[in-house]
Every structure is written in C-alpha cells, then in structure tokens.
There are 2 protein chains.
Amino acid sequence: MIRVAINGYGNLGRGAEQAISKAEDMELVVVFTRRDPAAITTQGAPVAHVDDMPQWADRVDVCLNCGGSATDLAEQGPASAAHFTTVDSFDIHAQIPDYFASVDAAARQAGNLALISTGWDPGLFSMLRVLGEAILPDGATTTFWGPGVSQGHSDAVRRVEGVVDARQYTLPVESTVEAVRAGDEVELTTRSMHRRECYVVAREGADLERIEREIATMPHYFADYETSISFISAEEMAAEHHGLPHGGLVVRRGETSAGVGQTMSFELQLASNPEFTGSVVVAMGRAAARMAGRGQTGACTVFDVTLADLSPRSPEELRAAYL
Amino acid sequence: MIRVAINGYGNLGRGAEQAISKAEDMELVVVFTRRDPAAITTQGAPVAHVDDMPQWADRVDVCLNCGGSATDLAEQGPASAAHFTTVDSFDIHAQIPDYFASVDAAARQAGNLALISTGWDPGLFSMLRVLGEAILPDGATTTFWGPGVSQGHSDAVRRVEGVVDARQYTLPVESTVEAVRAGDEVELTTRSMHRRECYVVAREGADLERIEREIATMPHYFADYETSISFISAEEMAAEHHGLPHGGLVVRRGETSAGVGQTMSFELQLASNPEFTGSVVVAMGRAAARMAGRGQTGACTVFDVTLADLSPRSPEELRAAYL
C-alpha cells in the first residue's frame, strides 16, 4: 500500500480523500492542517498540525499538497518537499518556472521528488497539448473551458444592487468548437470562443431590467461576452445550482500533408471539479511514489510521468488488456 | 538530428516519410524494402534491401517498422531489433504478449530498445484507456470506431453480383455515444454502438433492390448492423470517396462519489489513417531514440513513454508554455 498524506483539508483535500478511498493500492494515513487539528473531522484518518510534518516523514510515501496556488503553495510546496515526496496542483501559469525552481531546490536538498502542477489545467490538458503538437507539428491547439462555474463572476453578479444570490457558468460557443474541430476558418476572440450564463435570485420588488443591464454591461466580466441572464427562485438555485461542475476541451488540428486535416480532441465533463482534480492528484501521487521509490529526485511535471506509473496495474496486465 | 530508417514502403511507410518531413529534429536516412530497391522512388531518401540492414546499424538512430501485423511484423520486429532501436504498430491485440516477448528477447540480446504497438489503436487509444482508469477507477471505458473506411467490408460489397465498386464506412451511433458520455443507461451491443454506410457503383441495368437486399442481409458483415446503402456514379466514387479517413472515440465515465459522474473523452477525426498513424509512429520514434540514448533496452510500449520524450521541445520550454 502506498501511504498518503493530504496537506490542506478544503474542497480539493476532501476530493483527494474521496479518491484515495477508491484506490485499492493507496491508503490515507494523515491529514495535515494549519488549523486546530481537533476542529477537523475526516472520513477516518488522523489529523496533525503542519508543524508536526517532520514526525511523519517515515510513515508517508507521498504528500498531496491541496492548498491554493495564490497563497498557500508558494510556501507549502518547498516546505513539504523537505520532508516528503510531494504532488500539487499549482496553477498560476506565469509563475510555474519560478515555482518549479524553488520546489526543485528544496526537493533536491532533501533527496525527495516533487511532482508539480497536476490536476486538469494545468495537468491533463497540458499533457494533451504536448501530445497533440508532438504528433501533428503543423497545426494549432485551441483550449475551451466549461461548462463550468466561475466563482469570481458569480461574486461579481452578487455585488449588483438587488441581487440576493447568483451563479455564473462559462460555456464554450458550440459553433466555434465545431469550426475548430473541422478546420474551418474561424476568428478566435473572447466573444467567439466563450459565452456566459447567469442564474440570479433577485430581491422581491427589485428592478429586473436594471439588474440585467448592469450585469450585461459590466466591464471585464461580461461586456465582452454574449451573456444570458435568467431570474430564478432561491429554491431553484439550491436545487439546481449547488454543484461545482466544470470541464473543457483541448483541440489539436493539424495537417499531415497539403489539404489532409487531422483532429485530436480531449474533453472533460465534470460534475465536481474538486473531486475530479483530487482524483488526478491521487493518481499522480501513485506515480510520484513509484518514481521516488526508484530513486528519482527533484521537481518534475506531468510531462515526466508514464502511464505505467499512473496505473495500479502491472505492465503485463496493461499489455494484455489495455493495448 | 535523429536519424530515422523506414522499414517497408507501403501506405504507412509513406505516411511516416511525410511525417518525418514535418519534424525539424528528425531526418529520413534510408528506406528498407524486401522488393528491388531500384523499383522504389522515395521523396529523396536512399532505398536499401532489408538484407543490407546490418550495414546501416551505425547510421540509424531509430528504425520504424511499417510492415503489416498479420504477415510482416512477427518476423520484422525481432529481426530489426537485432540491429536498431525500433518502433512498430503491431495491432493484433490477442498476440501482443507473445509478440512483446519475442521482440524483447531480440532487443535485449542486441542491447537495443523496441517500442511496440504504437499508432492510435493500439497506441493513443490505449494510453487514454489507462489514463481514464487510473483517474476514475470506479467506472467504465467504451471505445467507438469511425467514421472510417473498412477495407474488408468494402471488399465484401464488391463481391456482390452487379457491383462494380464499393466503399463501406463504419460509424459510431451518435445517440449511444451521447448516452455513454452522459452516463445514461444504455445497452452496448453490436447494433447499438456502430452503424454502416455503403456507397455502391452498380453495373448498368443491375437489379438494385437485389443488391441492396444481399448487402443488408450478409451474415457477419452487415446483418447485425443498421446499414444504409447509397448507389452513386463512378465519378462520385472517385471524387468523394478516394481518401482513407478513420477515427474514433474513447470514453471513460466514472463516479468519484455517489451520484457524481465525471467523463473523459478522447476523439480522433482523421482525413488519412495512414498519414496519422505514420505521424504517431514518428513521434514515438523520437521518444524511442531518446530512451535508447539513455541506455534503456528491451521491448516497451506506449505506457512507458513520457510526453517529454515525445516532444521536440526542451523541458524548460514545455514548463513555460504548455503547462
């Protein structure tokens, strides 16, 4: 059994806990938190304070860092790599080279391995981008996101006077997706690629036309998009919009010779973004534990992971049943 | 530059030649053939007889075996692995373990590496099957093929009395694909998963109704499928049905917790099957040459290949621009 620690018990940490329960070759041995451990109830694993990490070094094969990129990981990444093989889902694209360097230094010094920026974007989508370009070098890669909830846009709608609650979904524009996959000429702009859907609970008696206008013309958030706005009841909001769905699509379209177009598409339709991301992080944890077990050290990415290491199955099983 | 040999100059060999011309870090140095080398005209590379392979051992980094699985590869695979790092697209699923063992023995004895069963199925589809199961262990994987030409079925139609020419396409049943992706209950049978489209050029004055009936009721080939039959002119056949399109779809649908469904889909839409397969084999050739350059020997599969090795770009570039 691969012994796993989860560092940070928010949405992603709980998603990872759930995924570990589905992995027959992995067990959750501890959850680390910066909060009071007594205040946290897991599905069964003990909870320890992050300051006590060093005491767990010999009892953990891989530590899944489930903190947020904006505030937590810059510190958590290098700090935990000093004690454990680690996996994270650092996702601030522009900062990845710096983050890689800082985690790499900490991991190398301690003789550990740190697999950074897993999840689905960065992560699986990144893998498909590299795969698509390697096979079809003469072409273009396009990424669409959604249908998915945007927390920032939902918050922006909630700040409009008269709005009690709101949920905003970003969706790919289907006709543009089809054009990209077919290799048809299409201009890729903010407006042509994605549209926005808002579900709004308004205060009784509020001026719905004004709310609609204020949302649709909000700069940065909605003014550049085709936006549909639906007013619903608080009951419908609770019943239909409580999940955290997301997803998206990476399309590689290329020519192998003049006029011969080939299309590779990878699509995710996720009912729960944190549970899916947790599932990716857990599979990457299996790979990281195995790579570390073979003596690999330093920081690495999804581009350095083989499918054999991601799978719980033996190479013989994989060759016999999955090729 | 990675120096590449192509062994076998049929559709796939020519597809690989085309793909090498698009790869900036690879050059085609020789084409091997069992025929008379003087009878073959390449895009520019010299042609040598397979018996002269040993003389090329020091001038080739990777040899792409482009023969057919049924007859050629069982012999070609082990024979060429004695001289070169090799890549092939061996695709007889049931024979893969035996083929792996025989190529592995030859490659190990010579200190070479042999990457077998690349292409798209087996190959890319296999990779997505393993990826899907590793991330969503509680679920099911479904593979659909097409739209694509089936040579065997086209031949079967051509044998019907009164048929001058024919082309048969296999297509996924769209409603079943959608049900699988949505996680809806659907029975997966021969008939529910795929349908067949036939384009037929009939002899003038032939009994079209009889031809239609004979095709639709043909055991094994069409009787178990919904089959549509269109009679067209020889001109339309030449204009619209000369390509070798293919493709398909691997869907992994799983639950991360009770009632929370997640779907991963990977789809190929290929205008030319041999050119795309050639492009995969060439990218795998890059990876095999690099793995061999690090001293790896023996047989391996797509499950053992990293994306970093498939890509012509440096790890730094990949981290900065593709994550």
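Is Arg3(A) buried, partly exposed or exposed? Arg3(A) is partly exposed, with a relative accessible area of 27%. Keep that residue in mind; it returns in one of the close-ups below, which are drawn from a predicted model.

**View 1. The interface of chain A and chain B, seen as a whole.** Start here to get your bearings. On each side of this interface, 60 residues take part: 60 of chain A are in contact with 60 of chain B. Together the two chains bury about 5,600 Å², and 63% of that area lies on carbon and sulfur atoms. On the side of chain A, the residues that lose the most area to chain B are Phe303(A), Leu307(A) and Leu323(A), which together account for 14% of what that side buries. The size of an interface is often given as the accessible area lost when the parts come together.

**View 2. Polar contacts and the elements of chain A that touch chain B.** Across the interface, 32 residue pairs are in polar contact, with both partners at pLDDT 80 or more. Several elements of chain A each supply at least two residues to the side that touches chain B, including the helices α1 (11-22), α3 (96-110), α4 (124-135) and α10 (273-293). The strands β12 (246-257) and β13 (260-270) are also among them, as are α11 (307-310) and α12 (315-321). The largest share, eleven residues, comes from β13(A). Sorted by type, the residues on this side of chain A divide into 32 nonpolar, 16 polar and twelve charged.

**View 3. Strand β13(A) beside its partner in chain B.** Here you can follow β13(A) as it pairs with strand β13 (residues 260-270) of chain B. The two strands run in the antiparallel sense and are joined over nine bridges. For a landmark, look for Ser265(A), which stands opposite Glu267(B) in β13(B).

**View 4. Salt bridges between the chains.** How many salt bridges does the rule find across the interface of chain A and chain B? There are six. In one salt bridge between the chains, the side chain of Glu133(B) meets that of Arg313(A), at 2.9 Å from N to O. A network of salt bridges links Glu133(A) with Arg313(B) and Glu317(B). Side chains of opposite charge can pair when their charged atoms come close. Over all chains, a search of the whole structure finds 32 salt bridges.

**View 5. Arg3(A) and its partner Asp61(A).** Now back to the residue from the opening question. The side chains of Arg3(A) and Asp61(A) meet in a salt bridge, 3.0 Å from N to O. The pair links distant parts of the chain, 58 residues apart: Arg3(A) sits in strand β1 (residues 2-7), and Asp61(A) in the loop between β3 (47-49) and β4 (62-65) of chain A. Asp61(A) counts as partly exposed because its relative accessibility is 26%.

**View 6. Asp25 and Arg286 in chain A and in chain B.** In chain A, the side chains of Asp25(A) and Arg286(A) meet in a salt bridge, 2.7 Å from N to O. Asp25(A) lies in the loop between α1 and β2 (26-33) and Arg286(A) in helix α10, so the pair ties together parts of chain A that are 261 residues apart in sequence. Asp25(A) counts as buried at 18% relative accessibility, and Arg286(A) is buried with a relative accessible area of 3%. In chain B, Asp25(B) forms a salt bridge with Arg286(B), whose closest N and O atoms are 2.8 Å apart. Asp25(B) is in the loop between α1 (11-22) and β2 (26-33) of chain B, and Arg286(B) is in helix α10 (residues 273-293) of chain B, so parts 261 residues apart in sequence are tied together. Asp25(B) is buried at 18% relative accessibility, and Arg286(B) is buried at 3%.

**View 7. The surroundings of Ser89(A).** Ser89(A) has its place in the loop between β5 (86-88) and α3 of chain A. Its relative accessible area is 12%, so Ser89(A) is buried. Among the residues that Ser89(A) touches are Leu12(A), Asn65(A), Ser117(A) and Val281(A).

**View 8. Val200(B) in strand β10 of chain B.** Val200(B) lies in strand β10 (residues 194-202) and counts as buried at 0% relative accessibility. Val200(B) touches residues including Val157(B), Asp165(B), Ile215(B), Phe231(B) and Met237(B). The C-alpha atoms of Val200(B) and Ala234(B), 34 residues apart along the chain, are separated by 8.8 Å.

Conventions: Residues are numbered from 1 along each chain as its sequence is written. Chains are lettered from A and ligands numbered from 1 in the order in which they are written. This is a predicted model: local features need pLDDT of at least 70, side-chain atom pairs count only at pLDDT 80 or more; totals for chains, interfaces and linings use all residues. Side-chain values use heavy atoms; hydrogens and water are left out. Contact means heavy atoms within 4.5 Å. Buried area is the accessible area (1.4 Å probe) that two parts lose on being put together, summed over both. A salt bridge is a side-chain nitrogen of Lys or Arg within 4 Å of a carboxyl oxygen of Asp or Glu. A polar contact is a pair of N or O atoms within 3.5 Å; within protein, one must be able to donate a hydrogen and the other to accept it, and residues adjacent in sequence count only if both atoms are side-chain atoms. Helices (H or I, at least four residues) and strands (E, at least two) are DSSP runs, numbered from the N terminus. Ala, Val, Leu, Ile, Met, Phe, Trp, Tyr, Cys and Pro count as nonpolar, Asp, Glu, Lys and Arg as charged, and the others, Gly among them, as polar. Two strands pair if DSSP finds at least two bridges between them. Buried means under 20% relative accessible area, exposed over 50%, partly exposed in between (1.4 Å probe, protein chains only). Lists of a residue's contacts leave out its neighbours within four places in sequence.
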